[in-house]
Amino acid sequence: MKNFMSMSAVLALSSVCVWATNLADPDEIKPIKDFNPPHFITPNVAQSAMIENQFDRTDRVNHYYVTNKIDQAMSPFRLQSGFYGKNFYDSALAFVRTSNFYAMANLNFTKFNGYEDGGGYSDGVRFKSPTGQKMGVGYERFGQGLVLGFVPNDLSEIKFTLLHDKIDDDANPQHQQDAAKTDRYMARLDARLGDADMSSTANFMFRYRDITRKADNFSVRKPGQQKAYVDLKRKIYDLKFSYDADFGDFHNTFGVSYTRDEALGERFGRNETQFKQMGISGFVKNAYRFPELHADIFSIYDTLSYKINEQNKLSLGLNYVYDNTKIKKYNDVLVNPLNKKSFPNPDHVYKNFYNADTKGKVNQEAFSAKLKYEFMPSDRQNYSATLAHMERIGNFTERFSALSPAGNPDNVKFGNAVIGNPHLKNEEHNYIELTAKFDSENFNGYMNSLFGLSYELGGSVRYDDAKNLIIWDRARPGVANFAPNIAQHTNQHGQVGTRNIDATLWQVSTFAKLNLSKNWGVSAKFDYNYGQNDTDDRPLYQIRPAELNLALDYKDIASFGSYAFGAAGRFVAKQSRGDFVAYTQANNKPANGALGIDDKDAAKGFGSLDLYGSVEFYSKFGLRFGVNNVFDKEYIEYITPDHVVSFAPNNIYAPGRTFWLSVHYSY
Amino acid sequence: MKRREFLQTSTAFGALAFAPSLFAKENFTIYSAPSLPSLSVAVASLQGELAKKYDFNIQIWKNPDQLKSGVANGTYKVMMSPTNIGVNLRNKGQNVGMINIMAKGLKTIVTKNKPINELKELSAKKLIMPFKNDMPDIILKALFRALGIENVSITYTATPAEAMGMFLAKDEFEAGFLPEPMTSGCVMKGKQMGIKVIKNLNIPEIWAKAFGLARPIIPQAGIIANVDFYNSHKDDFEILHSDLQKANEWIIANNQGAAEIGTNLFPAKAPVIAMALKTDTPSLSKGSELKAEIMKFYEIVLDFNPALLGGKLPDKDFFLC
């Protein structure tokens, strides 16, 4: 019998409309610390998902479970229902595929009721609110997803995706406000004209995103005298076009894109006693989170690849971005009904904080380039070396947040302010990265070995000489970016703004997956990160401590199907390098104080052990179960929670010992 | 301890380290073809009774030359291969015989967008398939001759993947004759390209009708073994037969799990293998139970391409089980 050509490439069940490669895409660069609601639970991951908890970053979804084959089966209908401590997650997925049409629909529901931490405290909270209320965590989340695809012939394809995610009453005891409501829609249309192998192919994409968020201090928790809420509305339109072409040993991708990003974030406040006395009903707008921003962003890119031979490939990517943002309400008059004067508007705060006179608009350009060499001596080995200069334009919060206190604009004292710098320079990342991946001859995936010992090894090292890295910092005199007379406008706590600094960043990551035999497997992953603020000669904040993840798994088949058991240990090193002291006028020394977002208690090293198992019956029905944090360890994640913007978060402990079980069904 | 005693003790320990362990199981390896029936062998090696007695393994050979070399140098004692290879080896002097049949025929012909209900609808059409003058080709040509079907233009490729690619890419090819799991792969790939690929006909049934056979079986692949090895392990081969039967039952009942194991054996994704298993369900019969069908098959092969059998039919001692 003749040998088969590799069917993998030919029969790859890759999702349709594979987007063209933009090697120098600046979106790969993320802020050091970002604040966002959790990612969408998309249909392709919904069936295996677990409870999302911003206070515990242990990855349990990717442990080995035999129920994965039920979750990933190409069957018309799949269900998952589980309890995780006293929290619940359910998901249902329907799928159909014919010759010319495919569709996938998903509903998922999360009820996060909280937990007990390793010290026996409820929800990891060990303090009461200023109003004396016992604080807690929790949220309710409902997501829906729909994918519709039409493949009229081999030269064209259209796909429509609709996602909706609603998160209600997301309690954030680490901060003064909770994310009372987060409602997100995403609608996307992809179209391909040309060969699916991208040899001569045009791709179009249109995407619309609608985000509504409300954060407040009274609907989820008991309010005090001062009530406040921030309303955020954002609409983003993206239009992209790219063209891929092969010519000889070269492949080129050319693309253009346009984004229209409109954001309005307003803060409203109410002092019950004062407002009642003055007969003022309702809330009063007193600041802008985003002062009605209208951004037009144009981008053009090209990636050229040259296949030197079967084993060697060289690629060059270039990307140019032009960002024109109008600050529509920068000069808005915000009337203070208490004294008939006005609150500071964005124009006031930008000038007082940074001496930045925007005149209501900011233009910025960014240029990125990347050179990548790949060496593939066989289909089981892949090595690469990359040299890059990547520029990131600051996001809306970093450049335009204008959350100032409700004070006097002529003599504003910024208390609890979060002020973006409209004239921030782009971050520039000049990095070199080396990667390697090696599979032994019989490696066919972790815990899928028929031929005894097999393994996969890999890793990456990146050294980044970052210029103008954007960081959050507490405003103080004598520090670049902040206005020289900033001391007049800050109270003793030092308010938060953004600056550009130079920094050195290292990232090292290695992993190993070993199939010891047909039944046993071991996996290990080690990550190390280093970040140094070279401008101020101090460590960067929120750099992940070194972490080692180990797992030992056993699986076997039985007459009814298969089963597996495993144990996973997560070991996080102490983080001795951080930004632990917040600047105040009292200490008044940048060397002693800066942002102060990091916490010594959270920086302690810890280890936790999970035990888990799974069983599936006839590839149709399965159970997944386990005990997380078997030894009931107390620990706090060093990387602070991120559902709401918070630079001085309270410590919230991660869950203690937790029993869980989920049921999986495929029809 | 005196020096002489020390040296004696050390030597004993050293010798023991290199001596075969008293507790290691004897090796029982089946060298198997990169095709669906290997899945039954793989599952048997994971859960069968023979695996408790032996260090039961499966190894996949990459091409017939590797198989022939392994048999010739004595490394390969038990093999799964196309049925013609066993006869070919025996006729060239190798001491092998047939144990069982595990593949009873390429099932279907694929067409694009429109089905066919009879084989004669292929007349005046262009068909593509791999392996000229090999078994699938002979099966089809024998059927065409028996049924009086003419004017079928056949294009051959070196590999099944090439045949599949050209079938989908070129409008001129209206039909394809491919082995599983490539047939199922073709259906799935067609969906990505907006092409409705249809599996048609039941070739073994057509074969049985065309040649007056009682059972719709084309004995395509099965296990062969070194005769001496078989004679010294007859009981074990009975256990193997039982293990393979249970393995087949498990594969039918656990489609996804079987597909996952199958990804170790052939370069196809699990969903493709899962689909292939639904239409090409595993089967098992001892060689002696299908002697009539097997000999008739060999007669036809001999007529078309004697070289495939090594020039003659097998002798009566070829059927071991």
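Trainee: How many salt bridges are counted between chain A and chain B, and what makes the pair Glu260(B) and Lys555(A) one of that kind?

Mentor: In this predicted model, the count between chain A and chain B is three salt bridges. For Glu260(B) and Lys555(A), the closest N and O atoms are 3.8 Å apart, and because the cut-off for a lysine nitrogen and a carboxyl oxygen of Glu is 4 Å, the pair Glu260(B) and Lys555(A) is called a salt bridge.

Trainee: Which elements of chain A give two or more residues to the side that touches chain B?

Mentor: They are α1 (7-10), β4 (138-153), β23 (547-558) and β25 (606-617) of chain A, and the largest share, four residues, comes from β23(A). The residues of that side divide into 20 nonpolar, 14 polar and 11 charged.

Trainee: How is the size of the interface between chain A and chain B expressed as buried area?

Mentor: The size of an interface is often given as the accessible area lost when the parts come together. Between chain A and chain B the buried area is about 4,200 Å², with 61% of it given by carbon and sulfur atoms, while 45 residues of chain A are in contact with 58 residues of chain B.

Trainee: Why is Pro291(A) called buried?

Mentor: Buried means under 20% relative accessible area, and Pro291(A) has 0%, so Pro291(A) is called buried. Pro291(A) lies in strand β10 (residues 284-307) of chain A, and, leaving aside neighbours within four places in sequence, its contacts include Ile327(A), Tyr330(A), Pro346(A) and Phe400(A).

Key:
Residues are numbered from 1 along each chain as its sequence is written. Chains are lettered from A and ligands numbered from 1 in the order in which they are written. This is a predicted model: local features need pLDDT of at least 70, side-chain atom pairs count only at pLDDT 80 or more; totals for chains, interfaces and linings use all residues. Side-chain values use heavy atoms; hydrogens and water are left out. Contact means heavy atoms within 4.5 Å. Buried area is the accessible area (1.4 Å probe) that two parts lose on being put together, summed over both. A salt bridge is a side-chain nitrogen of Lys or Arg within 4 Å of a carboxyl oxygen of Asp or Glu. Ala, Val, Leu, Ile, Met, Phe, Trp, Tyr, Cys and Pro count as nonpolar, Asp, Glu, Lys and Arg as charged, and the others, Gly among them, as polar. Buried means under 20% relative accessible area, exposed over 50%, partly exposed in between (1.4 Å probe, protein chains only).
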